Amino acid sequence: MSKTDHGATEVTVGSNVYSLAFNLRAVKRIEQRFGGISPALQEVQKLSLGAAAAIIAAGAGLTLKPKEVEELEEEIYDAGISEVTPPLVQFLIALLNPAARTAAELEKAAEENEKKGKK
């Protein structure tokens, strides 16, 4: 398993749930659009609808036509950009270190260590 294939993050936009994959393809699409993960993070933190839509499309592996991009931006606007942004920020930060453990993995490891300690 590639270290850059590390599960997914779900982002809810209205009634739609997008699964954003931690993979090299997503990184390359984001780098192509923004010039890197850090500039993408800065744009998302500015609460940019276009940036949010681009990150969702890249992470979900969507190839959207201009009209579909506008529809996604409208969904994001209707859902509230402040509601959509936090998971996008987490996704981008995780892309900076995709080999790191997720919170769920860390919790599972802690539970396993506790069980070993009690025996």
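**Briefing: core, helix packing and main pocket**

T9 is buried, with a relative accessible area of 15%. This residue belongs to strand β1 of a predicted model. The protein has six helices and two strands, and from the N terminus on its elements run β-β-α-α-α-α-α-α.

**Overall fold**

- Of the 119 residues of the protein, 34% count as buried.
- Among contacts between residues at least 6 apart in sequence, 64% join residues at least 24 apart.

**Nonpolar core**

- The largest nonpolar core contains 29 residues. The residues with the most contacts inside this core are I30, I55, I56, I76, L88, F91 and L92.
- At least two core residues come from each of β1 (8-13), β2 (16-21), α1 (24-34), α2 (37-45), α3 (49-60), α4 (66-79) and α5 (81-96).
- I55 sits in helix α3 and counts as buried because its relative accessibility is 0%, where the cut-off is under 20%.
- Beyond its neighbours within four places in sequence, I55 is in contact with L20, I30, F34, A40, V44, L88, F91 and L92.

- T9 of strand β1 is in contact with Y18, S19, L20, F22, P87 and F91, leaving aside its neighbours within four places in sequence.
- T85 lies in helix α5. Its relative accessibility is 7%, so T85 counts as buried under the 20% cut-off.
- Leaving aside neighbours within four places in sequence, T85 is in contact with V44 and L47.

**Helix α2**

- The buried residues in α2 are I37, A40, L41 and V44. Seen down the axis of α2, these buried residues fall within an arc of 100°, so they line one face of the helix.
- An α-helix has 3.6 residues a turn, so residues three or four places apart point the same way.
- The cover over the buried residues of α2 includes α1, α3 and α5.
- V44, buried in α2, is among the contacts of I55 and also among those of T85.
- Just after α2, L47 takes a positive phi of about 65°. L47 is also one of the residues in contact with T85.

**Largest pocket**

- The space in the largest pocket is about 190 Å³.
- Its lining is made up of R29, Q32, R33, F34, G50, A53, A54, A57, A58, L62, L64 and V69.
- Helices α1 and α3 each supply at least two residues of the lining. The largest share, five residues, comes from α3.
- By class, the lining has eight nonpolar, two polar and two charged residues.
- F34 is part of the pocket lining and is also in contact with I55.

Note on methods:
Residues are numbered from 1 along each chain as its sequence is written. This is a predicted model: local features need pLDDT of at least 70, side-chain atom pairs count only at pLDDT 80 or more; totals for chains, interfaces and linings use all residues. Side-chain values use heavy atoms; hydrogens and water are left out. A nonpolar core is a set of buried Ala, Val, Leu, Ile, Met, Phe, Trp, Tyr and Cys residues joined through side-chain atoms within 4.5 Å. Buried means under 20% relative accessible area, exposed over 50%, partly exposed in between (1.4 Å probe, protein chains only). Helices (H or I, at least four residues) and strands (E, at least two) are DSSP runs, numbered from the N terminus. The arc is that of the directions from the helix axis to the C-beta atoms. Contact means heavy atoms within 4.5 Å. On a 1 Å grid over the protein atoms alone, a cavity is a set of points where a 1.4 Å probe fits but cannot get out, and a pocket is an open set with protein on both sides within 12 Å along at least five of seven lines; lining residues have an atom within 4 Å of a point. Grid points are joined across faces, edges and corners, and a volume is the space filled by probe spheres set on the points. Ala, Val, Leu, Ile, Met, Phe, Trp, Tyr, Cys and Pro count as nonpolar, Asp, Glu, Lys and Arg as charged, and the others, Gly among them, as polar.
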